[in-house]
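Good morning, everyone, and thank you for coming.

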Amino acid sequence: MKKLLILPLCLLMAVVLMSADKKEDVMKKENGTYVVNTTTLGKDVVGYEGPTPLKVYIKSDKIQKIEFLENQETPRYWKKMVNFIEHKWDGMKVQDAKTTQVDGCTGATYSSDAVKANVKLAVEYYLKNK
């Protein structure tokens, strides 16, 4: 009888451990700042050439900064978009970031829209899991 219980318990523990790892991959707390990584959270959010992951740094319910991660976007347009949009959320309350309409960058519309969607995903995840 005990042998019959061991396998289901092991499977349950494996599922719990795997879900904990995924959660930690998405959000970590470093020196009082939550860092939400959208690599897996926003894997279906794509710009012109593919996913546009980023990290959103949140402290005291305010966005501190956005860090853009490696992607396949066209470097020239990506750089233009980053220069235009990078600091739009700095200091913004997370509640406001959920609904604020941030302008995108002309010529890099798909990339801008993907970044805005990733920020929104990160903020929503933070609010549900902090």
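Of the 130 residues of this protein, 35% count as buried, where buried means under 20% relative accessible area, exposed means over 50%, and partly exposed lies in between, with a 1.4 Å probe and protein chains only. Please keep in mind that this is a predicted model, in which local features need pLDDT of at least 70 and side-chain atom pairs count only at pLDDT 80 or more, while totals for chains, interfaces and linings use all residues. Residues are numbered from 1 along each chain as its sequence is written, and side-chain values use heavy atoms, with hydrogens and water left out.

The protein has 5 helices and 4 strands, which are DSSP runs (H or I, at least four residues, for helices; E, at least two, for strands) numbered from the N terminus.

What about charges? The structure holds 2 salt bridges, each a side-chain nitrogen of Lys or Arg within 4 Å of a carboxyl oxygen of Asp or Glu. Asp61 pairs with Lys130, their closest N and O atoms being 3.1 Å apart; because Asp61 lies in the loop between E3 and E4 and Lys130 in the segment after H5, this pair ties together parts that are 69 residues apart in sequence. Asp113 pairs with Lys116 at 3.6 Å between the closest N and O atoms, and both lie in helix H5, 3 residues apart, about one turn of the helix.
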